[in-house]
Amino acid sequence: MSIPYGRQSISDDDIVEVTRVLKSDWLTTGPDVENFEKQISQVSGANHVAVVSSGTAALHCAYVAANIQPGDEVITTPLTFLATAAMASVFGAKIVFADIQSDTGNIDPNSVQSLITSKTKVITGVDYGGHPVEIDELKELAHKNDILFLDDAAHSIGSTYKGRPIGQDADLTTFSFFPTKNLTTGEGGAVVGSNAELVERARKYRAHGLIRDDASMRTPGVGAWNYEVHEFGLNYRLPDILCALGASQLKRLEEFKSARTEIFNRYSESLADIDWITLPTKRDYVDPMWHLYPIRVPSEIRKKLFDYLRAHDVSVQVNYIPMYWHPVYEDLGYKRGLCPNAEEYYLGEISLPMFADLSKLEQSTVIGLIRNFFN
Ligand SMILES: *Cc1c(COP(=O)(O)O)cnc(C)c1O
């Protein structure tokens with residue numbers, strides 16, 4: 001049996017909850033949506049929450065809330081999954097890639113500062129591997145320059161920064177509930193924030209732009225059936241079936257976190273003496289929910305180690321190909337060499353299996369294989 005790099009943990013309670021919804025009146029747009037949103041609000045410290053159908057949808061809605069227009073600039077990291085930048089590119093924004101800190105893999109505030117122009121509309125951080133970005137610095141840079149600070153927290157629900165939960169600080173924070181992430185709804189995501197107006201704009205976009213509240217209508221008082229559309233939106237709703245799964249998963253968030261912390265610590269202790277491996281680091285003011293365990297090795301041996309682990313049924317992963325290396329960005333004129341730290345990070349990176357249900361035995365197998373690599 002192959003050991004994946006990430007996978008879901010589904011309990012009997014999760015199954016009971018999903019079954020309960022299947023037998024109820026509401027499969028979608030029912031009471032479990034609001035309940036899940038309330039739970040996310042508690043965990044994230046954000047007053048306003050809109051759940052959506054994926055992390056990608058969450059980013060799409062967040063850029064709508066930020067009112068991204070053609071020609072606006074979005075500063076973000078190249079060391080991320082495509083959607084972080086793509087969901088701004090689809091509105092005609094210009095993506096400006098800032099380089100990363102070589103140790104955490106997170107966007108470097110100094111690089112961000114040097115790239116801010118009068119056209120910068122959003123700074124999007126990504127809490128790489130679950131380790132929060134430099135929130136205070138990025139937020140200050142953003143607000144000093146009238147820029148929105150967005151945190152793509154697809155990896156980091158459950159992490160804290162200076163004792164504060166991820167979701168509390170950024171103007172908008174997005175989560176993903178894909179099966180490999182810290183908790184899952186199969187597919188799913190959320191936009192959260194403490195500014196009601198911003199999150200409401202995201203919420204409207206998730207459901208066709210429909211307005212049902214009389215006070216917001218151009219022609220109020222028509223009748224109880226009436227709704228209006230002032231701006232187009234999509235159908236990005238998260239059904240009650242999945243919201244029930246998500247709320248049930250959230251109950252185990254601390255359990256997931258301690259399991260991931262234990263796995264993190266064991267890798268770090270067991271691989272510490274190997275001089276050709278660079279282990280992940282942690283700032284002392286953060287407490288990550290570790291989504292990944294990213295090691296780095298000399299670039300000459302990365303492919304060999306990757307193929308060796310895959311050949312032994314360990315489904316390691318590489319996170320991430322620098323965004324602008326993708327032909328879709330290359331065709332827009334981005335050149336290799338743009339962000340040297342991110343490229344160097346990518347060239348040596350391998351993500352080891354990291355998920356709550358990874359057994360001690362499975363982890364021993366991974367550690368043993370790595371220790372034997374040169375034998
Ligand atoms: C997974 C991920 C996304 C997209 O989330 P989906 O739920 O898969 O759409 C966005 N950004 C980052 C950093 C991710 O890891």
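**Ligand site and fold**

Analyst: The shell around the ligand divides into five nonpolar, eight polar and two charged residues. Here Ala, Val, Leu, Ile, Met, Phe, Trp, Tyr, Cys and Pro count as nonpolar, Asp, Glu, Lys and Arg as charged, and the others, Gly among them, as polar. This is a predicted model, where local features need pLDDT of at least 70 and side-chain atom pairs count only at pLDDT 80 or more, while totals for chains, interfaces and linings use all residues. Residues are numbered from 1 along each chain as its sequence is written, and side-chain values use heavy atoms, with hydrogens and water left out.

User: Which of the 15 residues around the ligand come nearest?

Analyst: Gly55, Thr56, Asp152, Ser176 and Lys181.

User: What does the side chain of Asp152 have 2.8 Å away?

Analyst: A nitrogen atom of the ligand, with an N or O atom of the Asp152 side chain at the other end. For Ser176, a side-chain N or O atom is 2.7 Å from an oxygen atom of the ligand. Thr56 has a polar side-chain atom 2.5 Å from a ligand oxygen atom.

User: Which helix gives the most to the shell?

Analyst: Helix H3, residues 55-65, with three residues. Helices (H or I, at least four residues) and strands (E, at least two) are DSSP runs, numbered from the N terminus.

User: OK, switching to the sheet. In what order do the three strands come?

Analyst: E8-E7-E13, in an open sheet with antiparallel pairing. Strands E8 (164-165) and E13 (286-287) are at the edges with a single partner strand each, so one side of each has no neighbour in the sheet. Two strands pair if DSSP finds at least two bridges between them.

User: And which residue of E8 is the bridge partner of Thr160?

Analyst: Pro165. E7 (residues 160-161) and E8 pair over two bridges.

User: Where is the cis peptide bond?

Analyst: Between Asn319 and Tyr320, with omega about 5°. Tyr320 is in the loop between strand E15 (314-315) and helix H11 (327-330).

User: What about the phi of Asn67?

Analyst: Asn67 has a positive phi of about 60° although it is not a glycine. Asn67 lies in the loop between H3 and strand E3 (73-76).

Note on methods
Near = heavy atom within 4 Å. Polar contact = N/O pair within 3.5 Å; in protein donor to acceptor, adjacent residues only side chain to side chain.
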